[in-house]
Structures are given as structure tokens and as C-alpha cells.
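Dear colleague,

I am passing on the structure we spoke about, and you will find it just below. My notes on what was found in it follow, so that you can read them with the model open beside you.

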Amino acid sequence: MELLTNKIKKLFSENINKIFENDFSDKIDIQNSTKKEFGDFQTNFALVSSKLIGKNPREIATEIVTEFEKNEIIEKLEIAGPGFINIFLKNEFLNKEIKKLENEKYDFSFLDTNKTVIIDYSSPNIAKRMHIGHLRSTIIGHSIKKILEFLGIKVISDNHIGDWGTQFGKLIVGYKNWLEKSTYEKDPIGELERIYVLFSDKAKEDPTLEESARSELKKLQQGDSENIKLWKEFIEISLKEYNKVYGRLGIKFDYYYGESFYNDMMPEILKELKERNIAKEDQGALVVFFDEDKLPPAIVQKKDGSFLYATSDLATMKFRKEKLKVDEAIYVTDDRQQNHFKQVFEIGKMLGEPYNYKKLHVIFGIMRFGDVIFSSRSGNIIRLVDLLDEAKKQVKQVINEKNPDIPEDEKDEIAETIGSGAIKYFDLSQNRTSDVTFTWDKVLNFEGNTGPYLQYTYVRIMSIFRKLKEENITLENKEIVLENMDGIERELAVSLLRFPQFVVKAYETLKPNIIAEYLFDTAKLFNNFYNSKQILKEENPKVRDARILLAQKTAFILKQGLDLLGINTVNRM
């Protein structure tokens, strides 16, 4: 199914190139109209091409409108303002296009989709429970993955976990000295967190503990069997805990290649940096300096011989190209890591193949909490599992009030889906580069631009089809005939056909909030339609059936769009 804007653009290209006897295809941009009185779409071609053609914009627009050949797509063209052209589509054409929804796949062949992209997101540290600091990376990264897959791009998801480094020496000391085995059996990761914090407290009083930790870490790095066994145990425990959270969020990863995976590759990276005179010794450390000081110097090895994140990321880049055969890499982290990735990507350019393929750092702002959420057992750190539990609890209270007759197990399932979806939608509906403030009033509101509002709209449509079944109503006409409808129905139909445009824009900017905004606008249109028109009680069977089918197409688009945000739908609530 070709995108509507692409069809219109192709038609305009054919006509404009013929009228002005030149190829202006790259100057033609088809945009959604901002108001329905301005048509279904608009183009500013006359304005942007005035100098090239050598005529004033309104003169150009007049020529286009006058000489545009009759076709099956456009009903009429109108000139607006200084030279905008308003485009009104034929109802017969829209009827055919909307019928294709659900039945034909979108054609995204005009995009560069024949590639493999790896997305690096979430990345918790081993032996620590996932908390709200991991929320944005996890949710944004997963949505970007789904958007790329929807376009037909091959995507690899990699959870670059923090499973190597100084914390393991401290954990091993804590494990050997202060572990409470009965607690460890019941809540292993909670006990690991406790002994890690305890180590920090005790080390303030007894500095020799730091030396003990370094000793245990060295033994681990040298392959001591006891410490290796503990290290593997810590990773296994942590991943088991993380996968509970990922399961609730509906997220799966292709790989969990942590820092330890690249440890043996890093000496070779350092050797290459030194041999090519990219890294130089400075006060005992190995450092990369950048031309004209455009970036701060990047340390790739400390004077004590230990590696840093930059070294690990360079090894990661090389491995992904050579072994996973990726064409692009997307890193989803908060904006505080911008300098780090600028340095690493620049070093990759300096090294050349296989480091210098396309890499993007997708940044996001910090999430802050604007109200008291609940009492968390983990002190000031809000665990993700507690956040999900609280959302589920609050949604279930609403279900108990509004629809108490739903079976208990179904209530749990609905509350889980709506609660986690509300958290995801709140995050993804924001511009990812902005800091956001989380409050339950915003997240769980059933009005406005929220997950529950969209879920409720979908449920409202599902209720139409339940009533159809209950009342044994059979559709006599399986065509959406817009000629039998007025403004709001036609406006909704056009909005449904615009869906893939917004997916493409979200892909080009890597901003899922573009899809969220589209879904909210479409849901508002549907609710205006639902509140102003008879559907099942409409006396004219043709109009009734067309409205029912329009509702069905709306449900399909809402479900598809929410899925791209990683959000499941429910049929009642």
C-alpha cells in the first residue's frame, strides 16, 4: 500500500514537471493541512520555487491549479495566502484507500530499509535492581526497535549490561564476610545490594577493605575459580531479576553482551591505538587527543593499566561490525553521556574500518518525580518493579469501582496492561530530549493525552462489536462510502490514512512522541465522531455499516500505533 503523501507527490511531480518543463520533484513537499477548511493536504511548492522559476508564488500556484490534469485522486485545488495550494481528495479515492487498511502492507521501499541496525539500550549494572534511572532508556529503545522493524529493517537488540569492574571486588568481600544466607536464598539481589551498601559504610571506617576489594578483583581478573564462580552467580541472579521486569514490559533482547564479553578484546584495541599514534602516553595513562581541542581528551587506559568505558565501547564497535555485520548502531542513553559518545565516535573515525560505520547517540532527558509515589523498600531509589506494582494497583482500584463484575484474574490482567502501558505512554508521549516530571495524576488520567485515554478509546470501539454480536446485527454493506457521510467521518478517514507518514517521521527523527501525538489526535477525532453520530442505531443500513467499518479501521490503527510504543491493548476495562 503506497503512502498517501507519496501518491500525491508523484501526481504533483508529473504535472509540475510538465507545466514548467523541468524536473522539480525534489522541491515538492506534501504536508497535512492544519485545518479541514484548507483541504486534506497542502503544498508550498510555489513559494519555495519562486526564484528558480522566476515568477511570483501566486502566479506559479495559479498556473498549477489551472493546468493540473484531471485524475482519480484530486477533487479540487485551491490557492491560499501568498501561494499555498490546498489539496482536496476525491471521496471515491479515499473509499478505495481506506478499504486497503488491514488488507495490504505499507510500501516503505522509498526508504533505506535494506540494512541491519543494532540498538543498545537499558544496560543495568549487575547485582543492582532495576530502578527508575533505567526506565527511559528501556522504553525509548524498545519503541525505536519496534518502529524500525515495522518499516522492514532488520534490528538487533543488545543489552550492554555492566558486568565487569571494581564493584565485583567489593561484592566478593561483602559476600565472604557479611552475607545472610537465609535472606540471600529468599531475595538474592536484595541481599547483594545490602552487602554492597554495607561495604561502602564499613570502608569509611576501615580503609583496608578497599585493598581487600582490589585483591579480590585481581583474583577474579586472573581467573580464580572461586571468584569466577561467584561472579557468574551474581550475573545469573541479576538477569533472572531483570527478566521479570522485562517480561512485564513485554521486552526481549537478542543479546546481553556485557562489558566482560569485550574484556579480552581491549588489549588489541589499545595496541592498534598506540601503533597508529592515535593514543599517546600522558602522565602514565594512555590518552587520545583531538585536533583543535574540539573535544576533551579521552583516556583509554589508566596509569594502573585498567580499561575505561571508551576502550570497551571501541571493542564493542569493532565486534558489532565484524561479527554481527551491522550497518548502523543506535545508542540510547541520557544526555549526560553526550561527550563520551562524541569522543568514541570520533576515535572510530580516526581508526577507520571497521569502526567508522554509521552510529547515532539517541539522548533523552532526566525523569523527575513531582509527587510522593509510595513507600519504597529501597529507600530513595524507586525500583521499576515497585513502579509497575503501584500503577497496577491504582488501575485495579478504578476497575473495581467502574466494572466490579469482571472476573478477578481478568481484572489483574487488564490492570497490568493498562498500568504498564500508562507508564510507557507517559514517557513516550514526551519529546525525549526534554526532562520530564512524573506524577500519577498525569500518568493515570483517563482524559487528555494519556495511555488510559487511548486504551479507553480502543475499548469503546470494542464495545460496538460486542453489541453487534449480542444484538445479532449483520453488516449488509462491507464498504465505507464517504459520500454518505459528513465532515467528522471524512476527517477521521483521512487521519487513519496518514498513519504511516507519522511512523516515517518518527523513524527519521527517532522520536516516538510523534506517533503518540498522532494517536491522541486520531482518538480525539474518533470520540467526536462517536459522540455526535448514531452508529448501531442509525436507521440507514448503508450509513450504519459504513460507520461500523470506520470504527473497525480506527481500532486497527490505534492498536498498530500503540504496539509501536510497546503498549498492548485490552478489549474492556
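Predicted model: local features only at pLDDT ≥ 70, side-chain atom pairs only at ≥ 80, totals over all residues.

The phi angle of Asn277 is near 60°, which is a positive value in a residue other than glycine.

The peptide bond that joins Glu353 and Pro354 is cis, with omega at about 0°.

Much of the rest concerns helix α22 and the helices that pack on it. Helix α21 (residues 513-532) packs against helix α22 (residues 541-564) at an angle of about 160°, and their axes are 10 Å apart. Angles over 145 degrees count as roughly antiparallel, and α21 and α22 are therefore roughly antiparallel to each other. The crossing in which α21 passes α22 is left-handed. On the α21 side the contact is made by Ile515, Tyr518, Leu519, Ala523, Phe526 and Phe529, while α22 contributes residues including Arg547, Leu550, Ala551, Thr554 and Ile557. Sorted by class, the residues of this contact of α21 with α22 are 12 nonpolar, two polar and one charged.

Helix α18 (residues 451-470) also packs with α22, here at an angle of about 140° and with the axes 10 Å apart. It follows from that angle that α18 and α22 are oblique to each other. The crossing of α18 past α22 is left-handed. From α18 the contact takes in Leu454, Thr457, Tyr458, Ile461, Met462, Ile464, Phe465 and Leu468, and from α22 it takes in Ile548, Ala551, Gln552, Thr554, Ala555, Leu558, Lys559 and Leu562. The contact of α18 with α22 has 12 nonpolar residues, three polar ones and one charged one.

The remaining partner to mention is helix α6 (residues 135-150), whose axis comes within 8 Å of that of α22, the two crossing at roughly 125°. That angle makes α6 oblique to α22. Ser143, Lys146, Ile147 and Phe150 of α6 make this contact with Gln560, Asp563 and Leu564 of α22. By class, the contact of α6 with α22 divides into three nonpolar, two polar and two charged residues.

Rolling a probe the size of a water molecule over the atoms shows where empty space is left. How many cavities of 30 Å³ or more does the structure hold? The structure holds one of that size or more, and the volume of the largest cavity is about 40 Å³. The lining of the largest cavity is made up of Met1, Glu2, Leu3 and Leu4, together with Glu97, Tyr106, Leu497 and Pro500. Of these lining residues, six are nonpolar and two are charged, with no polar residue among them.

With best wishes

Terms used:
Residues numbered from 1 in each chain as written. Heavy atoms only, no water. 1 Å grid on protein atoms, 1.4 Å probe; cavity = no way out; pocket = protein on both sides within 12 Å on 5 of 7 lines; lining within 4 Å. Points joined across faces, edges and corners; volume = space filled by probe spheres on them. Nonpolar A, V, L, I, M, F, W, Y, C, P; charged D, E, K, R; others polar. Axes fitted to C-alpha atoms, helices over the stretch in contact; angles between N-to-C directions. Helix = DSSP H or I, 4+ residues; strand = E, 2+ residues; numbered from the N terminus. Parallel < 35°, antiparallel > 145°, perpendicular 65-115°, else oblique. Left-handed = near helix turned anticlockwise from the far one by under 90°. Contact = heavy atoms within 4.5 Å.
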